[in-house]
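Please open the model in your viewer and keep the selection panel at hand. The tour moves from one selection to the next and says what is found at each stop.

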Amino acid sequence: FEALVDMDMSLHSMEVVNRLTTAVGLPAEFLHKYICNCIHSCENIRDKYMQNRLVRLVCVFLQSLIRSRSINVQDLFVEVQAFCIEFSRIREAAGLFRLLKTLEP
């Protein structure tokens, strides 16, 4: 699992993780680290076009994990909410934020 956490974030790695969560289930600690890595990757990209593209991918990925109940969003609520606020100009981030608000206790 560590190899997946440490590899550069890409559409392909997110698809692999998404499929693994539905096929076999992945440890919560791994998913937490992977999601945090995705968020940090988005924050550290300087190319605005690539950053917007990756933010959209991460948002769709997170929505998929939340809707399939593959992650307990409460474990990552603060990180994901901060991510959504930072990238609120991107439609998918605003949609993810609305989804988080519907899940708030």
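Begin by selecting Phe77, Val80, Gln81, Cys84 and Ile85 in helix 5 together with Ala93, Leu96, Phe97, Leu100 and Lys101 in helix 6, since these are the residues through which the two helices meet, contact being taken as heavy atoms within 4.5 Å. By class, the residues of this contact divide into eight nonpolar, one polar and one charged, where Ala, Val, Leu, Ile, Met, Phe, Trp, Tyr, Cys and Pro count as nonpolar, Asp, Glu, Lys and Arg as charged, and the others, including Gly, as polar. The model is a predicted one, in which local features need pLDDT of at least 70 and side-chain atom pairs count only at pLDDT 80 or more, while totals for chains, interfaces and linings use all residues. Residues are numbered from 1 along each chain as its sequence is written, and side-chain values use heavy atoms, with hydrogens and water left out.

Now show the whole of helix 5 (residues 77-86) and helix 6 (residues 91-103), which pack at an angle of about 145 degrees with their axes 8 Å apart; the axes are lines fitted to C-alpha atoms over the stretch in contact, and angles run from 0 to 180 degrees between N-to-C directions. Helices here are DSSP runs (H or I, at least four residues), numbered from the N terminus.

Leaving aside residues up to four places away in sequence, Gln63 touches Glu92, Gly95, Leu96 and Leu99.

Finally, move to Pro27, in the loop between helix 2 (11-23) and helix 3, where it is partly exposed, with a relative accessible area of 37%. A distance drawn between the C-alpha atoms of Pro27 and Gly95, 68 residues apart along the chain, comes to 26 Å.

How values were computed: Buried means under 20% relative accessible area, exposed over 50%, partly exposed in between (1.4 Å probe, protein chains only).
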